[in-house]
Amino acid sequence: MALVVVAEDNVEHQRVIHEIVHRLEHDVVMVPDGQAALAAITARRPDLVIADVDMPQLDGVQLCRAVRDNPELAATPVVLVTAYLPASDPDLAAADATVVVRKPFGIQQLTEVVRRCLHTSDAAGPPSAPPADTRDERVGLQAVHAAMMLFHVGVVVVLREALPGIDVHRAKFH
């Protein structure tokens with residue numbers, strides 16, 4: 001069992017990522033921003049970090065750089081999750097993340113990334129078939145996740161067009 005720190009400011013995304021890591025039987029420390037993530041990483045020395053790129057306090061790119069710049073933490077695998085930065089973005093490349101996952105991501109995609117980063121696999125033998133209700137639950141979770149991601153991206157696009165010049169990710173709407 002590994003320890004995974006997840007830095008994500010969106011509660012729905014936290015739930016999805018937590019569920020994926022938890023189903024792989026790893027411990028999860030969930031934090032809402034990059035500064036809290038850096039504190040947790042420094043204190044807990046996790047086996048893996050999963051961080052959203054667009055977060056308050058310290059974004060995922062800055063967090064990844066801070067991990068890489070600390071000799072005691074530099075070898076920690078870091079997965080950056082982004083909906084907005086293209087793979088060719090120079091800041092994203094300079095962060096030196098282990099893997100960059102685009103939103104919306106699939107549950108199977110993130111599951112495989114976590115397994116690969118933690119060097120775990122089903123090499124000990126094929127997993128037993130899950131009960132039918134677990135499979136139905138997983139399919140339902142995938143559908144809910146896909147709908148949430150599309151809704152989130154759509155809202156951001158509409159807000160960016162309606163409110164030019166305002167950072168809609170950091171703004172608080174009441």
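Biologist: Which residues of helix H5 are buried?

Modeller: In this predicted model, the buried residues of H5 are Ile 107, Leu 110, Thr 111, Val 113, Val 114, Arg 115 and Cys 117. Local features need pLDDT of at least 70 and side-chain atom pairs 80 or more, while totals for chains, interfaces and linings use all residues. Side-chain values use heavy atoms, without hydrogens and water, and residues are numbered from 1 along each chain as its sequence is written.

Biologist: What makes H5 a helix here, and which strands does H5 lie across?

Modeller: Helices are DSSP runs of H or I with at least four residues, strands are runs of E with at least two, and both are numbered from the N terminus. H5 covers residues 107–117 and lies across strand S3 (48–52), strand S4 (78–82) and S5, running at about 170 degrees to S5. Just after H5, His 119 has a positive phi of about 55 degrees.

Biologist: Why does Val 49 count as buried?

Modeller: Buried means under 20% relative accessible area (exposed is over 50%, partly exposed in between, with a 1.4 Å probe and protein chains only). Val 49 has 0% relative accessibility, so Val 49 counts as buried. This residue belongs to strand S3. With contact meaning heavy atoms within 4.5 Å, and leaving out residues up to four places away in sequence, Val 49 touches Val 5, Ile 41, Leu 63, Thr 76, Pro 77, Val 78 and Val 79.

Biologist: How do you know that strand S1 and S2 pair?

Modeller: Pairing takes at least two DSSP bridges between two strands. Strand S1 (residues 3–7) and S2 are joined by 5 bridges and run parallel, so they pair. Val 4 stands opposite Val 28 in S2. The open sheet has 5 strands in the order S2-S1-S3-S4-S5, with parallel pairing.

Biologist: What makes S2 and S5 the edge strands?

Modeller: Strand S2 (27–31) and strand S5 (99–102) each pair on one side only. From one strand to the next, the twist averages 20 degrees.

Biologist: Why is H2 described as it is relative to H3?

Modeller: Helix H2 (residues 34–44) and helix H3 (residues 60–69) pack at about 25 degrees with axes 9 Å apart. That makes H2 roughly parallel to H3.

Definitions and conventions. Axes are lines fitted to C-alpha atoms, for helices over the stretch in contact, and angles run from 0 to 180 degrees between N-to-C directions. Angles under 35 degrees count as roughly parallel, over 145 as roughly antiparallel, 65 to 115 as roughly perpendicular and the rest as oblique.
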